[in-house]
Structures are given as C-alpha cells and as structure tokens.
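Reader: I would like to learn how to read a few local features in a model. Could you walk me through them?

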Amino acid sequence: MNILFTAEYDEFLIEEVKELGNVNIQGWAKGIGKLSEEELLPLVGNVEVIVTSYDDITKAIIDAAPNLQLIFCTRATPVNVDVAYAREKEIKVLFTPGRNSDSTAELTIGLMLSIARNIPFAHEQLKKGNYTRSSDTDNQAKEGLKRDVVWGVGPQSPYVVFKGVELKGRTLGIIGYGSIGRRVASIARGFGMRILVFDPYVSNIDVDTLLTEKVGIDELLTESDFISVHLKVSKETENFIDKSAFAKMKESAYFINCSRAAVVNEMDLIEALRMKQIAGAGLDVFSTEPIPEKHPFIQELDNVVITPHIAGATTDVLTNHTKMIIQELDRFKKEEPLLYEYK
C-alpha cells in the first residue's frame, strides 16, 4: 500500500512502517513543518493511507486521493481531519488515544511541584547571581560544631523567600477523569495526596477509593488545595473555569492547566492571580499561542509558572504513536478489526 507519512516518528521504528508499504516521508516528518493544502495536493494522488499529525486533511485533499482508505492522525482527537466527509467517503479515520497521557500527567505534576516549591523562581535568581557569593571558600565551622551549610535564615534568605508547601496531605481536585486525569491521580496518590474528581461521564464505582472520591464541582473547587483541569474543548467545557470558579477556590489554592486554554477564561484567571484570589498557577496552554511577549503571565505576574505547550513533547510520545501506527497498519493490511478507529 502507498503511505504518505507526514507525522513525527520514532527513527528506530520507522523501518517497521516501511515493511508494511511504500512510504513517502514528507513535511513535519522531514522537519519541514506543517504542509499547506496546496503542498499536500500533489502528494496524495495515489495514496491509500495518510499518516499525519498536524496537516489539515480537508475535503479537497480527500477528493484528490481517489484510492484513500485510511487517515491516521497521531493525536488524541483528529481535529485537523474532516471526519464527517471521510466517513461519507467510507474512509476510516484513526487516532492515537493515550499516546501522550503519561507525558502530560508528568508535566502536570511537574508544574504542581514547581509552583508549590517555587523551583523556577529560585533557579532564575541563582542564574542571575543572587543568593551566591564571589568566593568558593567553605564556611568555617566554629569550634566544637560540625560544618553547617545553612548560610542565612533571615527574612531575605532563600529559605524564607522561596518557602513553599508540600503536596503530601493536601487535596488535589481533578476536573476530567479520562486517560490523563487518571494518571495524574495515580502519581499524586504516591505523594500522599487526597484526590477529588469531577467528571459527569464516569461513575462513582470507577472513581471512589480510600484516597479518591467523586464529588460535585462546587465541593471540588472549595476543598481542593490544587486544581488540575483535563477537559476536551466543547460547548459545555468552553470557559468552564471562570471568575465564579476562582471565587470559590481557597486563597491558598494553586490552579494547573495542561489541557486546553479554551476551557479557562484567561482574563478571569489573570485577575484572580493579580488580586491574589488564588495562590498561583502552573500553565502549559494559553488563549493565544505562541504567548505574546508582553502578556501578564510574562511581564507582570510573579505567581505563575508557564511552559510553551510542551506537555506532549517527549521522545516517548513518538515511540508510543509509532508503535500504534505499526500495529494498526498491520491489522489493516490483514483486514483485521482496527483498535483506534475514531467514532
């Protein structure tokens, strides 16, 4: 079968893909980036399979590929594929659920630790030369005492300035208990956290344990010390977290978002951080990306940790979805039922 392959891939596994068909590697897979519709059109004439991550697979692309049978999108949701038209043409659309769940869950915990313990702020100050000294001589211990590496505990010492809170014993509220939310809960339980879950699409029997409880959204907002959002964007979830939600949170609460910016009213979040209505936030997504250089998260607020939408940016994610591609292409070739067809 002829395969147009424009997705990132694990370089050690791509040979297994080539064993399944004639593979034409283009675009993002070659480090060129997302291809336009005009660039894609001449590449799809004789393909039976398109494997992509970010290219827009439009009606025009589908019409230009009369032999197309399978569109494989290496994302949790094939938002860049005209799924309805593909189905109309009886073309199967596949996706890769869970490929970056561990990666995103780990960054979520990383942001929690970073904002709770002021890690990036302390790092930045050391890099600027603060809390350092010009001499590399050791502190001298007084007679009869052992050497002490604490050089200051006054109000301007890093021990005081960067004093944070532990995760152990605190309550984490998880909004959205899908693949990523469940992994976040699993890691957080290892820290000794109590977990509250809000998700109307899962039952209590799938959630409730000794350390995890399904609750209503108001209870989650008012009782949680950390709140992490893991929602897909829909009419129901857009701006789900707004000023009314922030008003219900503890002043000591930290808000984390590694899902989608659209589920949070960003201006309401900025105001909540500005007014110290909540203690801080850890964010990987923004309403405009790349984030503007003069954004309040960058130039004004000192209680937010931000990363540039990198929750899924690990080499392991590429390995995961390349394995999924290989498995599905093999099943497709053997005319076996597909595991990751988007319904």
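Predicted model: local features only at pLDDT ≥ 70, side-chain atom pairs only at ≥ 80, totals over all residues.

Author: Gladly! Let us start with how elements are named: helices and strands are DSSP runs, numbered from the N terminus.

Reader: What is the phi of N118?

Author: Phi of N118 is positive, about 60°, although N118 is not a glycine.

Reader: Is N118 buried or exposed?

Author: Buried means under 20% relative accessible area. N118 has 15% relative accessibility, so N118 counts as buried.

Reader: Where is N239, and what is its phi?

Author: N239 sits in the loop between β9 (226–229) and α10 (243–248). Its phi is near 55°, again positive in a residue other than glycine. With a relative accessible area of 37%, N239 is partly exposed.

Reader: Which peptide bond is cis?

Author: The bond from E289 to P290, with omega near 0°. P290 belongs to the loop between β11 (280–283) and α12 (296–299).

Reader: How do I read empty space inside the model?

Author: Rolling a probe the size of a water molecule over the atoms shows where empty space is left. Here, a search of the whole structure finds one cavity of 30 Å³ or more. The largest cavity holds about 60 Å³ of space.

Reader: Which residues line the largest cavity?

Author: Among them are N257, E266, L269 and F297. By class, the lining has six nonpolar, two polar and one charged residues.

Reader: And the surface?

Author: V153, Y159 and V160 make a nonpolar patch of about 300 Å². V153 is exposed, at 54% relative accessible area.

Definitions and conventions
Residues numbered from 1 in each chain as written. Heavy atoms only, no water. Patch = residues over 30% accessible without salt bridge, like charges linked within 9 Å, V, L, I, M, F, W, Y side chains within 5 Å. Areas by Shrake-Rupley, 256 points an atom, 1.4 Å probe, with all protein chains shown as cover. Salt bridge = Lys/Arg side-chain N within 4 Å of Asp/Glu carboxyl O. Buried < 20%, exposed > 50% of the residue type's maximum accessible area, 1.4 Å probe, protein only. 1 Å grid on protein atoms, 1.4 Å probe; cavity = no way out; pocket = protein on both sides within 12 Å on 5 of 7 lines; lining within 4 Å. Points joined across faces, edges and corners; volume = space filled by probe spheres on them. Nonpolar A, V, L, I, M, F, W, Y, C, P; charged D, E, K, R; others polar. Helix = DSSP H or I, 4+ residues; strand = E, 2+ residues; numbered from the N terminus.
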